Amino acid sequence: GFVAIGNESLQRVDEDLYHNIQKNNPGFHSTLDDYLQYAPGAAVYILNATGIKGRHNFRDRTFIYLLSNVFTLAFTRSVKKITKVPRPDTGAPNSFPSGHTTFAFSSAYFLHQEYKHRSHWYGVAGYSVATATGLLRMLNNRHWFKDVVAGAGFGILSGQLAYLLYPKIKKWLFKEKTPGMAAVF
């Protein structure tokens, strides 16, 4: 995503993909992406409520998810202010990276980490929903491909940071000893 900002060849690929999508899907509009971005995160709580236990208890998973969302918000807002990439539809200087895609991939990472011990299909489902969110952002003429790719990366990074830092935060916040989290990666 970042490389495409200053690279003329990748910029052309991004523009060609944009024009192809718009040509083949004129007038496409959906609000599904506004909701899908949160679906993998919501799935963690729904699965737990139905008795399919995840890796962490309610308190820990909630702190991890909130921490991941804080990182997601910090990354997207700061990078948008720095890069000022215009949106394809309005030209507003806040296209890069896609916030919807960042939240979707952060949520997918959360679902994957909480349920990978049960089945890899939970992660497949979460990342499929996150990918659909990114595709819908392009179909809705709201983002360039580079925005979506960067959003996916920032989302996964946000999730990884949350899982990496939470044991230290938990120890400090709740004065508890936590087992190592090396298995996260």
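**Reading the model step by step**

A: Leu 173 is partly exposed, with a relative accessible area of 38%. Here, buried means under 20% relative accessible area, exposed over 50%, and partly exposed in between, using a 1.4 Å probe and protein chains only. This is a predicted model, in which local features need pLDDT of at least 70 and side-chain atom pairs count only at pLDDT 80 or more, while totals for chains, interfaces and linings use all residues. Residues are numbered from 1 along each chain as its sequence is written, and side-chain values use heavy atoms, with hydrogens and water left out.

Q: In which helix is Leu 173 found?
A: A helix is a DSSP run (H or I, at least four residues), a strand is a run of E of at least two, and both are numbered from the N terminus. Leu 173 belongs to helix α8.

Q: Which residues make the nonpolar core, and how do I read one?
A: A nonpolar core is a set of buried Ala, Val, Leu, Ile, Met, Phe, Trp, Tyr and Cys residues joined through side-chain atoms within 4.5 Å. The largest one here has 13 residues, and those touching the most other members are Val 44, Ile 64, Phe 110, Leu 111, Tyr 115, Ala 162 and Tyr 163. Two or more residues each come from α4 (39-49), α5 (58-83), α6 (99-115) and α8 (145-174). Apart from this core lies another, of seven residues, including Phe 96 and Trp 144.

Q: What is Val 44 in contact with?
A: Contact means heavy atoms within 4.5 Å. Setting aside neighbours within four places in sequence, Val 44 is in contact with Arg 61, Phe 110, Leu 111, Glu 114 and Tyr 115.

Q: Is Arg 137 buried or exposed?
A: Arg 137 is buried, at a relative accessible area of 5%, and lies in helix α7. Beyond its neighbours within four places in sequence, its contacts include Asp 33, Asp 34, Arg 87 and His 143.

Q: Which residues other than glycine have a positive phi?
A: Lys 84 is one, with a phi of about 50 degrees. Lys 84 sits in the loop between α5 and α6 and counts as exposed at 53% relative accessibility. Asn 141 is another, with phi near 65 degrees. Asn 141 is in the loop between α7 (120-139) and α8 and counts as buried at 17%.

Q: Where is there a cis peptide bond?
A: It joins Phe 96 and Pro 97, with omega about -5 degrees. Pro 97 lies in the loop between α5 and α6.
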